[in-house]
Amino acid sequence: MRIGELAARTGTTTRALRYYESRGLLPARRDAHGHRTYDEGDLRLLRQIRTLQDFGFDLEETRPFVECLRAGHPEGDSCPASLVVYRRKLDELDALIAELAAVRAKVGEQLARAESARDGLAAEALVPGGPEPVCELGGGRR
């Protein structure tokens, strides 16, 4: 198949395919007229690349999976190098999840503080002679 058909079948662009070729992830075969040609194996490689990228893997991280498929394995993740990349990605994701959990905790603390302060002001406003509520958006009094 030609480059346009491969791009259409995988939902990518011909520019991306040329880039993958330049990075050595797709073969650079040409027909007698100099046109790029691809086969079902290339389609499989590209689907592996795209799936991994959808999961957040960068392009270079897909290389062991592509090489595993090229070596004739039925799946791109059946080789030891692919498993190493999976483990590294899981470690990276665990670190990001921990970081997000810490940020979430801080936002929760800020929310609790803000609600407590708001409730305190509302209680003071109910006391005769207490402060009047101020609209923070407009800067004036309600």
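1. Phe57, Phe65 and Tyr86 form one aromatic cluster. The model is a predicted one, and the structure contains 3 aromatic pairs. In the pair of Phe57 and Tyr86, the ring centres are 6.2 Å apart and the planes stand at 75 degrees, so the arrangement is edge-to-face. This pair connects distant parts of the chain: Phe57 belongs to the loop between helix H3 (40-54) and helix H4 (63-70), whereas Tyr86 belongs to helix H5 (residues 80-126), 29 residues apart.

2. Tyr86 also pairs with Phe65.

3. Phe65 is buried, at a relative accessible area of 0%, and Phe57 is buried at 7%. Tyr86, with 29% relative accessibility, is partly exposed. The ring of Phe57 has a further contact: the charged end of Lys89 sits over this ring, 5.1 Å from its centre.

4. Which residues of H4 are buried? They are Arg63, Pro64, Phe65, Val66, Cys68 and Leu69. Because 6 of the 8 residues of H4 are buried, this helix is largely enclosed by the rest of the structure. Gly72 follows H4 and has a positive phi, near 100 degrees.

5. The structure holds 10 salt bridges. One of them joins Glu5 to Arg9, with the closest N and O atoms 3.8 Å apart. Glu5 and Arg9 are separated by about one helical turn because they lie 4 residues apart in helix H1 (residues 3-10). Both residues are partly exposed, Glu5 at 40% relative accessibility and Arg9 at 36%.

6. Arg9 also meets Glu40 in a salt bridge, at 3.1 Å from N to O. Glu40 is in helix H3 and Arg9 in helix H1, so this pair ties together parts that are 31 residues apart in sequence. Glu40 is partly exposed, with 47% relative accessibility.

7. A further salt bridge brings together the side chains of Glu60 and Arg23, at 3.2 Å from N to O. Its partners come from distant parts of the chain: Glu60 is in the loop between H3 and H4, and Arg23 in the loop between helix H2 (14-22) and H3, 37 residues apart. Glu60 is partly exposed at 39% relative accessibility, as is Arg23 at 38%. Through shared partners, salt bridges join Glu5, Arg9 and Glu40 into one network.

Definitions and conventions:
Residues numbered from 1 in each chain as written. Predicted model: local features only at pLDDT ≥ 70, side-chain atom pairs only at ≥ 80, totals over all residues. Heavy atoms only, no water. Phe/Tyr/Trp six-rings, centres within 6.5 Å; stacked < 30°, edge-to-face > 60°. Helix = DSSP H or I, 4+ residues; strand = E, 2+ residues; numbered from the N terminus. Buried < 20%, exposed > 50% of the residue type's maximum accessible area, 1.4 Å probe, protein only. Lys NZ or Arg CZ within 6 Å of the ring centre and 35° of its normal. Salt bridge = Lys/Arg side-chain N within 4 Å of Asp/Glu carboxyl O.
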